[in-house]
Amino acid sequence: MRKTMFIFPLASLLLCSGVSASSASREARYASEEARLQKALAGLTPGKPQDCIRLRDANGTQSFENGKGTLIFRVSRKLVYRNDTRGTCSGIGRDRALITRIFGGTQLCRGDIAESADLVAGFTGGSCAMGDFVPYTAGS
């Protein structure tokens, strides 16, 4: 019985240190992704948030797993839209595609649902709801 009493406190101590290491690892990954996001937005100035963007204007999408679930929709070298989503649409632009569900139009709007999908393997991953679209523009 005494051995068991000593094992449980030791086990709980090990579990707590594992959670702490996991949390530190996650925070380091978020910091790395936030740095990558800042690099993607370098030289661009944020504008007034918009409710929607025209999908035909977006030439590419990038995702950033920075703890906020940020997506960047690239229109041109001088214009991108940042969207801090609610949910998880990770890996977009690397090994996954963004599948959007829009209703009645050609625009992607705040509140629309999107999923990340591995088109080769044929399965979807996380889903997210779009937030505001913040335009970032470069000077002329």
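**How many bridges join strand β3 to strand β4, and in which sense do the two strands run?** Strand β3 (residues 60–64) and strand β4 (residues 70–76) run antiparallel and are joined by five bridges. Two strands count as paired if DSSP finds at least two bridges between them.

**View 1. The whole chain has one helix and eleven strands.** This is a predicted model, in which local features need pLDDT of at least 70, side-chain atom pairs count only at pLDDT 80 or more, and totals for chains, interfaces and linings use all residues. Residues are numbered from 1 along each chain as its sequence is written, and side-chain values use heavy atoms, with hydrogens and water left out. Along the sequence the pattern reads α-β-β-β-β-β-β-β-β-β-β-β; helices (H or I, at least four residues) and strands (E, at least two) are DSSP runs, numbered from the N terminus. Of the 140 residues, 28% are buried, where buried means under 20% relative accessible area, exposed over 50%, and partly exposed in between (1.4 Å probe, protein chains only). Taking contacts (heavy atoms within 4.5 Å) between residues at least 6 apart in sequence, 59% join residues at least 24 apart. The accessible surface comes to about 8,900 Å², and 57% of this belongs to carbon and sulfur atoms; the areas come from the Shrake-Rupley method with a 1.4 Å probe, and for residues only the protein chains shown count as cover.

**View 2. Five strands form an open sheet in the order β1-β11-β5-β4-β3.** The pairing in this sheet is antiparallel. β1 (45–46) and β3 stand at the edges with a single partner strand each, so one side of each is left without a neighbour in the sheet.

**View 3. The largest pocket has a volume of about 170 Å³.** α1 (2–40), β3 and β4 each supply at least two residues of the lining. On a 1 Å grid over the protein atoms alone, a pocket is an open set of points where a 1.4 Å probe fits, with protein on both sides within 12 Å along at least five of seven lines; lining residues have an atom within 4 Å of a point. Grid points are joined across faces, edges and corners, and the volume is the space filled by probe spheres set on the points.

**View 4. A second open sheet holds four strands in the order β6-β10-β9-β7.** Here too the pairing is antiparallel. β6 (86–87) and β7 (97–101) are the edge strands, each with a single partner, so one side of each is left without a neighbour in the sheet. Strand β9 (residues 113–118) pairs with strand β10 (residues 123–129) over five bridges, and I113 stands opposite A129 in β10.

**View 5. C52 and C109 form a disulfide.** The structure holds one disulfide, a pair of cysteine sulfur atoms within 2.5 Å; in this pair the sulfur atoms are 1.9 Å apart. The link is right-handed, with 110 degrees about the S-S bond. Distant parts of the chain are linked by the pair: C52 in strand β2 (residues 52–54) and C109 in strand β8 (residues 107–109) are 57 residues apart. C52 is partly exposed at 22% relative accessible area, whereas C109, at 18%, counts as buried.
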